[in-house]
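Please keep the sequence and the structure in view while reading.

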Number of protein chains: 2
Amino acid sequence: MLIGEYIHIIDEKNRVSMPAKFRKELGKKIIITPGLENCLFIFTLKEWEKVSKKLSDSENDLSFLKADQRNFNRYMFGRAAEVEMDAIGRILVPDFLKTRIGLKGSAAIVGVKDRVEVWSEEAWSENKAIVEKQAEGLAEKLGSDVK
Amino acid sequence: MLIGEYIHIIDEKNRVSMPAKFRKELGKKIIITPGLENCLFIFTLKEWEKVSKKLSDSENDLSFLKADQRNFNRYMFGRAAEVEMDAIGRILVPDFLKTRIGLKGSAAIVGVKDRVEVWSEEAWSENKAIVEKQAEGLAEKLGSDVK
DNA sequence: TATCAAGTGGGAAAAAGTGGGAAATATAAG
DNA sequence: CTTATATTTCCCACTTTTTCCCACTTGATA
């Protein structure tokens, strides 16, 4: 399972180290796409397989209008890139994705179960602050509900 | 069952000894996450399995299409870490969790049935004082009620 | 007092992360 | 088509962090 947050540098060559703890699960090749809320999504090839199948499945219950769905698919597929890690676990972030989330200097690499998210450090801490407030109610469940 | 409180030092390498009495039940690998009221939760892998299954929408492969779900998953998984005990029962507290609860110097390690909580010593004694007061009131109420 | 278990501290080795140069490839110009 | 220039890829080296191991201390026990 991909969990935890790591702050890594993105260098002048657009390289970012994947946390060592993620590497085995991610594999050599990964898919990177624009995400939601100003971050990027990274999927394993396997996970991407699932996701893309679901997204393009006309039987799905996404309750999108067709035009919306087409546009969303353009968004997800049109800007997805397959990237390969180098020998020491770094990936190359394509320029248009980097620009899209205003990435420079430090990036937050966050494991979210089956996917990895890439944030600019600032955006990540902002999002954290917001979510923390919202999540207090939910978090209560975490402590007491579970048996 | 995990019970009792222990005050242990967190050293400059962010290591904390798990109380000897907890070690067997916790196992070698544990999951540590932010908890409620400014403490950290430690779960066994088994317990974590339950918690995460229950709280994340794992039945839905496209849970990332829902904003609430996205943020909750970030909250759940993004700030969790799997850590392994060293040969003599210490764990490494990730920096971002240590910072979150203002941990330094001494930590209170508290068994709460099937999880362990980690507090900064000060926060723990404050919390204890509050709870104790509440408990007195509660007991009094119970005593006078039952007649 | 000797012994054992638990907790603490620290040095050395290994791993992870970062930076940069050289080789290979691609792009553009003549 | 060839040469020159820029970009990308590959590899090596440095630095920092993490991990592993050993030793000391304390307190309880026999």
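**A walk through the model**

In chain B, strand β1 is joined to strand β7 (residues 105-113) by 9 bridges, and the two run antiparallel. Within this pairing, Glu5(B) stands opposite Val110(B) of β7(B). Strands here are DSSP runs of E with at least two residues, helices are runs of H or I with at least four residues, and both are numbered from the N terminus. Two strands count as paired if DSSP finds at least two bridges between them.

This is a predicted model, in which local features need pLDDT of at least 70 and side-chain atom pairs count only at pLDDT 80 or more, while totals for chains, interfaces and linings use all residues. Residues are numbered from 1 along each chain as its sequence is written, and chains are lettered from A and ligands numbered from 1 in the order in which they are written.

The β1-β7 pair of chain B belongs to an open sheet of 6 strands with antiparallel pairing, in the order β1-β7-β8-β4-β3-β5. At its edges stand β1 and β5 of chain B; each has a single partner strand, so one side of each is left without a neighbour in the sheet. From one strand to the next, the twist averages 25°. Helix α2 (residues 45-55) of chain B packs on the sheet, where it touches β3, β4 and β8 (115-120) of chain B, and its direction makes about 110° with that of β4(B). Such angles run from 0 to 180 degrees between N-to-C directions, with axes fitted as lines to C-alpha atoms, for helices over the stretch in contact. Two residues are in contact if their C-beta atoms, placed from the backbone, lie within 7 Å.

Strand β3 (residues 29-34) of chain B deserves a separate look. Of its 6 residues, 5 are buried, so β3(B) is largely enclosed by the rest of the structure. A residue is buried if 20 or more other C-beta atoms lie within 10 Å of its own, exposed if 12 or fewer do, and partly exposed in between, with C-beta atoms placed from the backbone. β3(B) pairs with β5 (residues 81-84) of chain B in the antiparallel sense over 4 bridges, and there Lys29(B) stands opposite Glu84(B). With β4 (residues 40-44) of chain B, β3(B) forms an antiparallel pair over 5 bridges, in which Ile32(B) has Ile42(B) as its bridge partner. The hairpin of β3(B) and β4(B) has 5 residues between the strands, and in this hairpin Glu37(B) takes a positive phi near 55°.

Chain A contains 5 helices and 8 strands. Of its 147 residues, 34% count as buried. Chain A also has an open sheet of 6 strands, with antiparallel pairing and the order β1-β7-β8-β4-β3-β5. The edge strands of chain A are β1 (2-10) and β5 (81-84), each of which pairs on one side only. Within chain A, β4 (residues 40-44) and β8 (residues 115-120) run antiparallel and are joined by 3 bridges; Phe41(A) has Glu117(A) in β8(A) as its bridge partner. Helix α3 (residues 67-78) of chain B packs on this sheet, touching β1 and β7 (105-113) of chain A, and its direction makes about 95° with that of β7(A).

How many residues of chain A are in contact with chain B? The number is 22, and they meet 25 residues of chain B. On the side of chain A, the elements that give two or more residues are β1, α2 (45-56), β7 and α5 (121-144). The largest share, 9 residues, comes from α5(A).

The DNA remains to be considered. DNA strand C is surrounded by 20 residues, the closest being His8(A), Ala20(A), His8(B), Ile9(B) and Ala20(B). A residue is near a strand if its C-beta atom, placed from the backbone, lies within 6 Å of it. β1 of chain A and β1 (2-10) of chain B are the elements that give two or more residues to this surface. Around DNA strand D are residues including Lys13(A), Asp86(A), Lys13(B) and Asp86(B). By class, the surface near DNA strand D has 6 nonpolar, no polar and 4 charged residues. Here Ala, Val, Leu, Ile, Met, Phe, Trp, Tyr, Cys and Pro count as nonpolar, Asp, Glu, Lys and Arg as charged, and the others, Gly among them, as polar.
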